[in-house]
Amino acid sequence: MQKKHHLCRDNDTKGARELGIVEAEGIITREIKYGDSSRILTILTKEFGKISVLAGGVRTNKSGLLAATQLFSHVSLQLFKGREKSLYKINSGEIVTSFSGIRESLEKMAYASYFCEVANDVIQENAPDMEQLNLLLNTLFLLSQDKLPYTQIKGVFEFRTLALQGLLPDLSVCDQCGNSPTVFFCPSEASCYCASCGDTRAATDTIHAGEAVLSAISYITLAESKKVFAFTLPESSCNYLSKLGEYCLTYYLERQFQTLNYLNKVCALGG
Ligand SMILES: [Zn+2]
């Protein structure tokens with residue numbers, strides 16, 4: 001759903017003329033309360049990678065900017081800095097896509113928070129990453145629209161993120177004999193094996209992921225970005241893909257994500 005409306009100016013435009021106003025389009029991935037009525041937003045942008053923006057006094061909507069500063073929204077903002085090292089401030093802004101469907105349930109909010117925390121981890125300041133940003137956009141869109149099982153959306157996001165960050169090779173061919181299909185996966189070596197070669201590796205951390213899941217992972221790794229979600233798997237395989245995805249993501253990124261712990265709690269409560 002497209003919502004476009006111009007919003008009134010933030011009252012603090014001091015210094016805007018000195019450093020100029022910049023346009024930035026991106027996704028609001030995090031917000032922290034700051035003082036009584038302000039928030040510091042993390043925004044993953046097309047133009048500058050990850051940025052921090054001070055949204056002053058917009059918790060009360062008096063400035064009219066509340067809508068364009070909502071978490072998980074895809075927004076287009078005009079920003080300025082008072083000084084070189086200070087945070088960006090918002091001059092004006094509009095919503096490109098609100099993804100309002102995400103706010104319909106605690107579960108979807110928890111998924112979105114996790115996707116955003118991961119994206120915040122891999123996209124750096126002054127390093128725009130359009131592929132990763134588009135992946136996050138498509139992921140939030142599908143989540144907001146209930147187009148696919150959440151576990152499939154999550155698994156695709158996790159494995160595609162690893163592929164985009166160069167941390168996951170193509171898993172379609174056995175590393176030992178070169179045959180397909182592969183059914184075994186060894187996360188510590190990022191390698192995979194066919195049924196007969198994998199059987200000889202029982203003592204290692206090689207796991208039997210199965211042909212359906214491994215072929216889904218190689219599809220996710222190699223597909224064009226527009227088609228990366230376009231496959232079907234039985235529910236049990238989607239669940240496995242999702243569990244393997246979070247295992248691999250935390251393992252390869254060497255990170256623990258607080259939002260993932262929260263997501264798993266929310267999912268456990270939801271049954
Ligand atoms: Zn083999």
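**View 1. Lys-154 and Glu-158 meet in a salt bridge, with 3.1 Å from N to O.** A salt bridge here is a side-chain nitrogen of Lys or Arg within 4 Å of a carboxyl oxygen of Asp or Glu. Both residues belong to helix H4 (residues 150-164) and sit four residues apart, about one turn of the helix; helices (H or I, at least four residues) and strands (E, at least two) are DSSP runs, numbered from the N terminus. Shared partners join Lys-154, Glu-158, Lys-243 and Glu-246 into one network of salt bridges. Lys-154 and Glu-158 are both buried, where buried means under 20% relative accessible area, exposed over 50%, and partly exposed in between (1.4 Å probe, protein chains only).

This is a predicted model: local features need pLDDT of at least 70, side-chain atom pairs count only at pLDDT 80 or more, and totals for chains, interfaces and linings use all residues. Residues are numbered from 1 along each chain as its sequence is written, and side-chain values use heavy atoms, leaving out hydrogens and water.

**View 2. Glu-25 pairs with Lys-46 in a salt bridge (3.1 Å, N to O).** This pair links distant parts of the chain, 21 residues apart: Glu-25 is in strand S1 (residues 22-34), and Lys-46 is in the loop between strand S2 (38-45) and strand S3 (49-55).

**View 3. Arg-39 and Glu-31 form a salt bridge of 2.6 Å, N to O.** How accessible is Arg-39, buried or exposed? Arg-39 counts as buried, at 6% relative accessibility, while Glu-31 is partly exposed at 35%.
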